[in-house]
Amino acid sequence: NATLSAFSTVRNQTPPADIFGLAIATDDLNVASNGAFAQLDIQTAGEATQSLQAPLPNGTWTQNIYNLDPDTVVVLAQVQDGVAVVMVVRGTLQNLAAINNTILAVLSGIQIGEPRIPPYADQSTFTEREIVFGVENWRLPGALTLPNGEGPFPVVILVHGSGPSDRDEPVGQNKPFRDLAWGLARQGIAVLRYDKRTFVYGEAFVAQSSYTLNEETVEDALAAVAYTRTLPEIDSSRIFVLGHSLGGYAAPRIASLDPDIAGLILMAAPAQPLYERILAQVIYIANVDGEVSDAEQDQITNFEAAVDQINALDDNSDLTQLILGVPAAYWLDMRDYDPVTTAT
């Protein structure tokens with residue numbers, strides 16, 4: 001009895017993946033999902049290989065993941081005032097990972113438009129130039145923001161959170177890393193920010209059989225530190241690393257590998273491994289309404305099983321196996337890293 005109200009599709013060109021959106025007059029999420037599959041000529045998707053609640057700025061979405069050879073299909077649905085809003089993303093697992101920011105921007109319902117420039121960012125007080133640096137085969141573009149006047153200047157290197165991101169770490173119209181760079185430069189502090197490796201080399205990165213936090217974040221941050229030491233405008237005794245979220249989690253490891261870093265700035269840095277935080281978030285969301293449904297309990301049980309699997313890993317394990325969509329090597333490395341102990 002569902003009535004299709006609207007349907008749209010967007011194709012992300014590089015890497016290729018399809019994003020479908022539709023609204024159906026129903027309060028039944030299963031009916032809504034089936035309506036989406038019908039529009040995509042998917043006769044049956046079978047059982048979801050993963051199901052969870054996805055918290056987003058415009059509400060909590062039910063997320064189901066289906067493996068349909070050769071594609072992975074992610075279905076998110078939410079009921080609002082008797083209308084089910086459904087978003088379907090389809091592509092290879094590697095391609096979906098590489099366009100993660102695009103997907104999040106669409107799903108979050110954030111208006112995409114001209115970036116906002118904060119009032120404190122006086123562009124007449126600094127200059128900015130393009131740079132390229134990095135380790136062999138993974139060189140990265142970025143920007144160096146320099147205050148007006150004579151140096152050498154102290155410098156802050158900005159290290160991203162999880163997921164692919166460009167140098168500005170954008171969320172819709174907001175560009176927090178750019179805002180930080182321009183605000184600090186006005187105060188006489190240089191800033192280096194760069195496009196993350198998973199953003200520049202998304203397909204190549206996720207095609208690796210295994211990788212760890214080092215390849216995702218640490219190596220490039222260290223390369224950025226080394227690069228700034230070569231610049232005459234920078235005071236090499238005052239190089240600071242600012243890590244946001246996962247970048248803050250990784251910051252103690254970054255500093256431990258380069259003891260000449262002057263200091264760390266941690267923003268929303270978790271003290272627990274990412275997989276423990278994911279489980280905690282799933283449990284929290286399930287309990288928000290005071291009642292844990294059978295479906296929510298299944299989600300919790302699945303994530304608890306994944307955490308148990310991670311805790312059972314050792315050097316004899318198959319570190320290329322995927323757990324929560326990521327090679328086991330990533331989780332083993334993260335499990336054995338204590339940022340608090342490393343920082344102290």
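I began with the pairing of strand β8 (residues 140-147) and β10, and found 4 bridges joining these two strands, which run antiparallel; I took strands as DSSP runs of E of at least two residues, numbered from the N terminus, and counted two strands as paired if DSSP finds at least two bridges between them. Within β10, R193 has A143 opposite to it.

I note that this is a predicted model, in which local features need pLDDT of at least 70 and side-chain atom pairs count only at pLDDT 80 or more, while totals for chains, interfaces and linings use all residues. Residues are numbered from 1 along each chain as its sequence is written, and side-chain values use heavy atoms, with hydrogens and water left out.

I then looked up strand β9 (residues 153-159), which pairs with β10 in the parallel sense over 3 bridges, and V155 has A190 of β10 as its bridge partner.

Because 5 of the 5 residues of β10 (residues 190-194) are buried, the strand is largely enclosed by the rest of the structure. A190, L192 and Y194 point one way, whereas V191 and R193 point the other way.

Last I followed R193 to D168, whose side chain it meets in a polar contact of 2.9 Å, that is, a pair of N or O atoms within 3.5 Å, one able to donate a hydrogen and the other to accept it. D168 lies in the loop between β9 and α4 (176-186) and, at 9% relative accessibility, counts as buried.

Conventions
Buried < 20%, exposed > 50% of the residue type's maximum accessible area, 1.4 Å probe, protein only.
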